[in-house]
Amino acid sequence: MDVTNASQRRIWPMAVAVGLIGSYFVVELLVGFAVNSLALIADAGHMLTDVVALVMGLIALLLARHGKATDTRTFGWHRAEVFTAVANAVLLIGVAGFVLYEAIERIGSDPQVPGLTLIVVALVGLAVNVLVMFLLRADSQESIAVRGAYLEVLADAVGSVGVLIAGIVALTTGWGYADIIVAVGIALWVVPRALRLAIDALRILNQQAPTHVDVDQVRRELSEIPSVTDVHDLHVWSLTTGMDVATVHLGSDRPNAEVLPAAQAVLSRHGLGHATVQIDPADDQHRCSEDLNW
């Protein structure tokens, strides 16, 4: 995906999602404190991270679309999405840690929670989460910022199901510990997904080759071009989700007009349409490789 396409991701679903999730967060948090339900408070905490994630993601998308490239930011603000994903992961892990701490503190307290209240709030929350997931799903594969927000909402949907179960148990049996168990389950379910998001974002920040690009295969196909005698200094990385870039030096004694089209065709087949190819004369390759040490 090129710079133009990367800046044209849909913004309106994120804006609608902010309004829906933000409104429900206030309701759930107030009810959670009113009835002393850790499961509701835990779910509201995840809702808060949703709001923050959605707002940050929305800002990142707006920056990517409207932020201008300058001499100091030659790629513009496209990588703002990646920083947003890291922040989302940190928020998720932080909320999970808080919920686990609160759960430990409440052991032995024989919590009493109104099951019917939990059921009603959980059903409303589940409906809101499913609607927001539907809005974000299409864009979650194209933007790591949207993916982070989508994972937040998915975690909340699971949390709403958990709160619903806790409400049913509390209503039918009076066993209040179901509230704590559900809260802990939500926290433990969220952590590995937050770590996966953080790892994906850090791979981009570390400029590692994207997992879907076989760099060795790219190198082999470039070396098989008839007029190419050497392939060196091949670098492949992601600027942001859906925008992979590459640079490569090719040794050849043929004119650039003969080599470049074949090289660009190889790179395009691997999703590397945004690439810089330098053709080095055959007698100049040794000097080029000595000058570069990365």
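Visitor: Which residues does I21 touch, not counting residues up to four places away in sequence?

Guide: The model is a predicted one. A contact here requires heavy atoms within 4.5 Å. With residues up to four places away in sequence left out, the residues that I21 touches are M47, D50, V51, L54, V128, N129 and V132.

Visitor: Which residues touch the most other members of the largest nonpolar core?

Guide: That core holds 38 residues. Elements giving it two or more residues are α2 (12-35), α3 (38-66), α5 (115-140), α6 (144-173) and α7 (177-205). Touching the most other members are M14, I21, L54, V132 and L136.

Visitor: Which element supplies the largest share of this core?

Guide: α6 spans residues 144-173 and is among the elements that give two or more residues to the core. With nine residues, the largest share comes from α6.

Visitor: How many residues does the second, separate core have?

Guide: This second core is separate, and its members include V213, L222, V228 and V266. Its residue count is 18.

Visitor: In what pattern do the helices and strands follow one another along the sequence?

Guide: The protein chain contains ten helices and three strands. Read along the sequence, their order is α-α-α-α-α-α-α-α-β-β-α-β-α.

Visitor: What percentage of the residues of the protein chain count as buried?

Guide: A residue is buried when its relative accessible area is under 20%. The protein chain has 294 residues, and it exposes about 14,000 Å².

Terms used:
Residues numbered from 1 in each chain as written. Predicted model: local features only at pLDDT ≥ 70, side-chain atom pairs only at ≥ 80, totals over all residues. Heavy atoms only, no water. Helix = DSSP H or I, 4+ residues; strand = E, 2+ residues; numbered from the N terminus. Buried < 20%, exposed > 50% of the residue type's maximum accessible area, 1.4 Å probe, protein only. Areas by Shrake-Rupley, 256 points an atom, 1.4 Å probe, with all protein chains shown as cover. Core = buried A, V, L, I, M, F, W, Y, C linked by side-chain atoms within 4.5 Å.
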